[in-house]
Structure formats: C-alpha cells, structure tokens
Amino acid sequence: MSAQDIDAGAALPKTPRDYLPLLLPVALALAALPFIPSSSTWVTLTIAGLAMGMMIFVMASGLTLIFGLMDVLNFGHGAFIAIGAYMATLVLIPLAGWMQADSVWLNLAAIVPAALFAIVVTGALGLAFERIVIMPVYGQHLKQILITMGGMIVAEQILYAFFGPQQIPLPLPTSLRGSFQFGEAAVEKYRVVAVLVGLAVFLAMLLILNRTKIGLLIRAGVENTEMVEALGYRITRLFVGVFMAGSALAGLGGVMWGLYREQVNAAMGAELMVLVFIVVIIGGLGSVTGCFIGALLVALATNYAGFLMPKAALITDILLMVVILLWRPRGLYPVTSR
Amino acid sequence: MTLPMMPLSGDPPRSRFLGAALILIVLALALAPFLFPGAKPLNVAAKICIFIALAASYDLLLGYTGVVSFAHTMFYGIGSYGIAIALYSLGARWDAIGLGLLVALPLAALLALVIGLFSLRVQTIFFAMITLAVASAFAVLASQLSWLTGGEDGRSFRVPELLRPGTSFGNLFGIEVTGRTLTYYIVFVCCVLLLLLLLRIVNSPFGRVLQAIRENPFRAEALGYRTVFHRTYANVIAAAVAAAVGALNALWLRYTGPDTSLSFNIMLDILLIVVIGGMGTMYGAIVGGTLYVLAQNYLQALMGTVSAAAGDAGIPILPQLFHPDRWLLWLGVLFILSVYFFPTGVVGKLRGGPS
C-alpha cells in the first residue's frame, strides 16, 4: 500500500447514532395520555415522573460510570445514597430556622451547604471504600459482589447505630414547598427543582465526558483500560476520581430523595439500590445516556401505573426491564463488550 | 469406593478434625430431642437442619457454579408459601401437603429456568442484579396480595393430627415423644437426604462441568460444554431444593410470613453461612450453618450483656454498636474479612490448602 492511498482529509468513519431509545420516554408518555381521564392529571403525573426519574438518574449515573470504567459493580452504592441523606440532616436540623424562614436566600443558605457537605462526605468515603475495600478484588467479580454487599450491610448497620432506627424528618424549605398552577394542572415546586438539578447533572456529565481531556481518558478507559495505561496515563488515579465522583453523585441523589420524601431512614439505601439496578440494566451497563433514559422510563411507568392500576405498579419496573431486555438483551446502549 | 463412603458419593471430609466435627454435629442433631429436651433447643436444632440444607443448595450455585444469586430466598419462600396456602385453605390434611409441594416445586423450578435463560446468557454479574430485582419485587408482591398470602401477617395454619404437639406416642428414655418430635425427624431426615442428593450431584460428571465453568467459562465452552445450559440447570436444581427446604420450614413453624421466608436478611444469612463455612465444599454448609444458628441464638444474648455493661460504664457509642439489633453489623464485618482472608472458609482451612 503506498502512502497516497491514505487520504488524510477524509472524515473518519462515524459510528452510526442510535436515536431510537431516546424516543421511548416520549412514546411512553404519549401512550399513557389516552388512558388518563384529564390532561391536567397527565401533566401532573408526567412532571412527577420526570422529577423521580431525574433523582434516580443522579443516583444511578455514578454506578453505571464506575462499572463502565472499572468493571466493578458496586452493590454498596445504596449505602452512599443513605449516607448522603443522613449527612444532609446533620446540617439541616441545626439550620431548621433558616429552612423555615420565608426567604429564598436563607433557604438556599441552608440547602446548598447541606448538599455540598453530603457530596464531600460521600466523595471522601468513596475514596476510602475504593482504596480499602475494592482495590484488593479488582477483576474478581464474585468477590466484588460479596464484598460490596458486605460493605452495604455494615454501612447500613452503622447508620442504625449512630442515628437510631427511627425515621428522621427532613422537611422541605418554605420556598420549595407547595405548588403552582400550570394551566389546569398543579405542579409541585420541588419537582421542578429536581428536574432542573437532574438535567444540570446530566448535561454536565455529557460535557465532561465528551468535551474534556479527563472525559476523553474515561471514555478511552471504558473501551480499553490497558491501552490507556500503555499510553502513559495512571489509570488508578482515574479510577479513584471516578469512584469518588460516582459516590458523591449517589450522595447528592440521596439528599434529593430525602427532601422529596421529607424523611430519611437507613433502609432507603437498600430499597433504592434495587431501583437503581433496574435502571442501570435497562440503560445498558456503563452507559450514561442509557441510564438517563432508563431512569425516565422507570419513573414514568411507575407513576402512570400507580395512577391507573395501583397494584400493578409494584411490578412495573420488572416488566419494563423484561420488555427492554427482550428487545435489546444487553440494555438500550450496551457500552462494554465485557 | 468403600461401602461406608457410598452415601457421600466418594467425597469424604478429607480432614480428621472436619470428620470428627461433622460426626459430632450429625449425631447431636439426630439425637437432639433426647439430648436437649425443651422447646427452644429443639427449635434451634430444626433451624440448624433447615439452614444447612438451604445453604448447601446455595453452595451448588455460589461455590460450585460460581454464580451469585440473590433470589434464593424467593424459591425458599415459594416452598414455604406453597405449604402454607395449601394447608390454610384445604385444612390440616396430608394431601394438602402433597398438593402444596406439587405446585410449589415445579413453580420454583420454572421460575428459576426463566430467570436463568433470561439473564445467565450475558454474564454472571447481570444475573446477580436481576435476581436481586426479581426477588425484591416478589417479596413486595407476597406482602401485598393479602387475599392469598395473608400479607405482612402471613398465614398460620394447622398441621395434620399426627404432627401436632398434643399428639403423644409414649415415652422413650424418659422423654415424651410427641407429634413435634415426629415433625423434627421428618425435617431432619429430609434435610439429610437433600444434602446427600446435592453431594451426589456435585460429584457427578455434571458437577465436574459446573466446577470447570466456575474456573474458566471460556475453556469449558471451548471444550464443548454449553455454559448457559449448565448454569441454568444448576440454578433450577438449587431452586427446587430451596423450595423443598422452604416447605419443611413451613411445616416446622406452622406459620409462613414474609419475615420467616422471604426477607432479605435470610438471604444474607445464607450468604454468610456458605462463605464462612467454605464455598464449594458442601460440608461448609454443615459447619457454617451450625455455627451460625448457634451464634445467632446464643451470642446475641451475649451482645446484649456487653451493650448493657458498656452503657453502665458510660462509654459512648459502644452500647449502640453492641446492641443485639446490631448483630448484622458484626456479621457483615466478619463476612468481609472472611472473603478477604479465608476465601475457602472453615472447611478449606481444616482441609489445609486449596482443595
């Protein structure tokens, strides 16, 4: 082959974009429309579904990113969710006065430090967890599952020991409470905030992954870890960073969920873990976009089913997962070949 | 194979200590109604039998096939609920027990087949996640369908006349033999038979293939063994045995509810028993199950004493950490440590070196 055969100017062959899964949440929302008696109810349900989906996405995105890069499925991810929520109560209960004040700024002055504190603590715990618990078992799936599950139990029990078995109330600040009229439909303020925060996290993740050097390295690491190392980058630092970020996202998601439910208890980690797993499986292990769509699908389906057939809502997640897997056995956007 | 080794399928304990411990455990369990009279010791003994058989069936999956399932309690629960619902709705009759088994065992096997075909094709980590999701959905379903399962309260039911505590068969060695004693022996004998069956399975050519898949799935596949088929088959067998054990549990307790059959805590108990006893040994389930149930019933009381003592001494936090409800905390720590440092468990240590 001679040199002129290679046309340097030609565009690289692009991987074809797969837009079909992106339409699924829209299709689901539209499909539910005829069954719901009034359009205002539909708007309320859809916004509730979107808010729930965004919160689940914030929790699940860390898990899927960690799996994609490190090939570690952290069964202890739920513990970070619960710890995040508890850390927020540590800040918010002393600041209860600010929370109840009728001023947006005072409310924010309480909420923002609480969320930051939760993020910092769960991020730091993520660092410790990765170094101490997970590092010795890289590449051994069986042991990873067992050990992270053990970590989950221990973390949950420690939360019980320090905070007691009772539920801790975590009331919303005054300015986020209540709802406003949107046409005919009543929309809760906090749900809109949750949607905005979730969208911000999603966009920030996409930007970091697609537009920065770190993102490039992470994507390269998902494709081929050894090659990244061979090119002279310390993959372990990347691992630690991603694990911390993933844990911090779980913590943030925990704070959001705690405020949404207006209470916190130690069992919430294990309960949400199941939902997060379903979302991650639907989205395809390792895919952030898939995880986003999966979270929206699960949350919308749960909300619609909860309204139409309350009993059936218990198993909608599983049914949804089965249907998606029958269509694409590795989830919507399978990322890794592992 | 010498004749005494026949029931063990040519897989003896291979360690003098282990052999002695096993003989001691089996003898103690076999004579439990006469050695340790009273309701509580008999309950503990029955629970040990049940947990040994349950953990052994889980070992077939975790230890021999190298697959982590979190749905084992679901199958256990199907067996329990099968008996409970049949006896509750048909009354205390023997054919109700038969009918319950006839429905529950195939149902568990079928469900295991579907889950296996669905999720074992991709990778085992997928299987772990899907079983976790399915099992939690099943637990929610069982507690919600109260017209069938009794909801959170579960179902208390009457067992056939012969098995009731009031039925007396006279005295033996100064101890009254009652229907309860008979039930205990049914549980004991069935558990022994199930354990021997599992030993037979893991030492058959099929069992060898399972171990080959555990060690190196690609190689096993390259040698012509279909990994999906073998893993799914192992899952079905384990599920059927778990359902049978669940039926025994229901028969012993005369009650089935979410806490006694489906709770995630039981799943953790099984995991701990198999890991601490020794994965991939079958005998690990016997040692682990005995240690675990004994510890659960007698060490928890000790934790309460420690907690109270620490509270009196005015040490902060310690009373909470040693509170009997925090029992799982210490088990979790023990579990993590044993996965790291004793991956072969008690049995592996006793046998010395990797088996």
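The second largest pocket has a volume of about 1,400 Å³. Here a pocket is an open set of points on a 1 Å grid over the protein atoms alone, with protein on both sides within 12 Å along at least five of seven lines, and lining residues have an atom within 4 Å of a point. Among the 44 lining residues, A:Leu142, B:Gly66, B:Ile213, B:Arg214 and B:Glu215 sit closest to the pocket's centre. H9(B) gives the largest share of the lining, five residues. By type, the lining splits into 16 nonpolar, 16 polar and 12 charged residues.

This is a predicted model, where local features need pLDDT of at least 70, side-chain atom pairs count only at pLDDT 80 or more, and totals for chains, interfaces and linings use all residues. Residues are numbered from 1 along each chain as its sequence is written, chains are lettered from A and ligands numbered from 1 in the order in which they are written, and side-chain values use heavy atoms, leaving out hydrogens and water.

Now turn to helix H11 (residues 268-283) of chain A and helix H6 (residues 124-144) of chain B, whose axes come within 9 Å and cross at roughly 130°. In the contact (heavy atoms within 4.5 Å), residues of H11(A) including A:Phe277 and A:Ile281 meet residues of H6(B), among them B:Phe126 and B:Met129. The residues of this contact comprise 10 nonpolar, one polar and no charged.

Technical notes
Axes fitted to C-alpha atoms, helices over the stretch in contact; angles between N-to-C directions. Helix = DSSP H or I, 4+ residues; strand = E, 2+ residues; numbered from the N terminus. Nonpolar A, V, L, I, M, F, W, Y, C, P; charged D, E, K, R; others polar. 1 Å grid on protein atoms, 1.4 Å probe; cavity = no way out; pocket = protein on both sides within 12 Å on 5 of 7 lines; lining within 4 Å. Points joined across faces, edges and corners; volume = space filled by probe spheres on them.
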